[in-house]
Amino acid sequence: MDRYGGVEAGGTKFVCMVGSGPEDISAEIRFPTTTPAETIGRAVDFFREQLRSGPIRGVGIGSFGPLDLDPASPAYGFITTTPKPGWADTDLIGPLRELLQAPVVIDTDVNTAALGEYLWGAAQGIQQFIYNTIGTGIGAGGIINGLPIHGMLHPETGHMRIPHDLEMDPFPGICPFHGDCFEGLASGVALRERWGVPAEQLPVEAPAWDLQAHYIALALVNQICMISPQRVVLGGGVMKRAGLFPLVRRKVQRFLNGYVDRDEVKSEIDRYIVPPVLGDRSGCLGAIGMAQHWAGDLGPGKQ
Ligand code: ZN
């Protein structure tokens with residue numbers, strides 16, 4: 001079977017894989033994100049080693065951003081204005097393209113995670129869905145008419161504005177650009193800053209989780225009203241907290257208040273707002289799927 005590479009370029013860790021799908025991964029490595037030179041160098045070393053056992057037909061990268069995704073732009077494949085120290089204006093695809101002499105394609109980490117779930121996971125065959133990752137940061141991607149969402153740039157729903165009741169929650173938010181945008185209020189970093197302990201150390205019954213579900217549900221209601229997704233997938237470390245999914249589902253129902261007259265949101269919401277099936281692997285597997293899609297073997301609209 002043809003081999004492809006996938007890279008999930010995250011703000012805290014990188015994952016690299018070689019294979020053709022969830023049941024066929026021949027090599028996988030994870031390492032922390034440090035400086036661009038060191039981190040990209042480790043990815044290049046991994047694929048150089050893998051080339052000893054045969055060709056790699058293409059590599060997909062799902063990265064944190066913002067990214068330049070315009071294939072006609074000289075900065076295609078660059079991370080652009082990220083506040084992450086040292087990573088602004090970093091070329092992610094050049095070093096791999098040089099090594100592999102094969103196509104290297106890139107999309108946002110959330111769009112590739114969405115693609116992974118579309119091809120092999122929680123959204124198989126669903127033409128319209130959104131994928132949110134609620135972790136250290138917040139991002140969303142998705143599939144519309146069977147294709148990852150692109151436009152002028154790519155969705156940045158982590159920075160959408162949601163109602164912020166300063167009496168209920170005086171925390172000003174942590175986004176360096178907006179303060180109390182969705183990510184500023186509800187990311188893992190925001191949770192830690194607001195409550196003084198990492199999210200995973202907050203007790204299950206803490207009021208933090210009700211507030212967290214409140215913000216997530218507000219953002220989801222906006223997305224549901226805007227895009228009318230047929231499913232909503234919620235991934236990321238924060239969503240692993242037991243009990244958070246039911247809280248979010250209940251609040252989404254309460255905020256919609258019966259207006260969207262569909263069983264999905266009324267009686268079947270447990271199947272409408274769901275965790276990713278591929279777990280932490282959706283991003284990297286989706287990157288492999290994207291590389292395959294480029295080569296025309298598999299992918300949205302081609303199954
Ligand atoms: Zn923001």
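User: In what order do the 5 strands of the open sheet lie, and what is the pairing?

Analyst: The order is β10-β9-β8-β11-β12, and the pairing is mixed. Before the details, some ground rules. This is a predicted model, in which local features need pLDDT of at least 70 and side-chain atom pairs count only at pLDDT 80 or more, while totals for chains, interfaces and linings use all residues. Residues are numbered from 1 along each chain as its sequence is written, and side-chain values use heavy atoms, with hydrogens and water left out.

Strands here are DSSP runs of E with at least two residues, helices are runs of H or I with at least four, and both are numbered from the N terminus. Two strands pair if DSSP finds at least two bridges between them. Strands of a sheet pair through backbone hydrogen bonds, either parallel or antiparallel.

The edges of the sheet are β10 (147-148) and β12 (273-274). Each of these pairs on one side only.

Now strand β8. β8 (residues 129-134) and β9 (residues 138-144) run antiparallel, joined by 6 bridges. The two form a hairpin, with 3 residues between them. T133 has G139 in β9 as its bridge partner. Toward β11 (residues 231-235), β8 runs parallel, with 5 bridges. There I130 has V232 as its bridge partner.

β8 is mostly covered: 5 of its 6 residues are buried. Buried means under 20% relative accessible area, exposed means over 50%, and partly exposed lies in between (1.4 Å probe, protein chains only). N132, in strand β8, counts as buried because its relative accessibility is 0%. Leaving aside residues up to four places away in sequence, N132 touches G139, A140, T157, F182, L220, Q223, V232, V233, L234 and G235. Contact means heavy atoms within 4.5 Å.

Next, the wider setting. The protein chain is divided into domain 1 (4-108 + 280-295) and domain 2 (122-275). These bounds come from an automatic or database domain assignment. Their centres, taken over C-alpha atoms, are separated by 26 Å. The contact takes 10 residues from domain 1 and 10 residues from domain 2.

The largest nonpolar core has 44 residues. Such a core is a set of buried Ala, Val, Leu, Ile, Met, Phe, Trp, Tyr and Cys residues joined through side-chain atoms within 4.5 Å. V7, F47, V59, I61, L96 and F129 have the most contacts inside it. Helix α3 (residues 109-120) gives the largest share of this core, 6 residues. Both domain 1 and domain 2 give residues to this core, so it lies between them. Apart from it lies another core, of 38 residues, among them I138, A213, L256 and I273.

Not counting residues up to four places away in sequence, F47 touches G5, G6, V7, C16, M17, V18, I56, V59, L96, L99 and L100.

Helix α3 also holds N111. N111 is buried, with a relative accessible area of 1%. Beyond residues up to four places away in sequence, N111 touches G141, G142, P148, I149 and H150.

Of its 14 lining residues, I106, D107, H150, M290 and H293 are closest to its centre. At least two lining residues each come from β7 (104-108), β10 and α10 (282-294). On a 1 Å grid over the protein atoms alone, a pocket is an open set of points with protein on both sides within 12 Å along at least five of seven lines; a cavity is a set where a 1.4 Å probe fits but cannot get out; lining residues have an atom within 4 Å of a point. Points are joined across faces, edges and corners, and a volume is the space filled by probe spheres set on them.

β7 is mostly covered: 5 of its 5 residues are buried. Strand β4 (residues 59-63) runs parallel to β7, joined by 5 bridges. G62 stands opposite D107 in β7.

The structure holds 1 cavity of 30 Å³ or more. About 40 Å³ of space lies in the largest cavity. Its lining is V7, A9, F14, I40, A43, I61, L92 and L96. β1 (4-9) and α1 (36-50) are the elements that give two or more residues to this lining.
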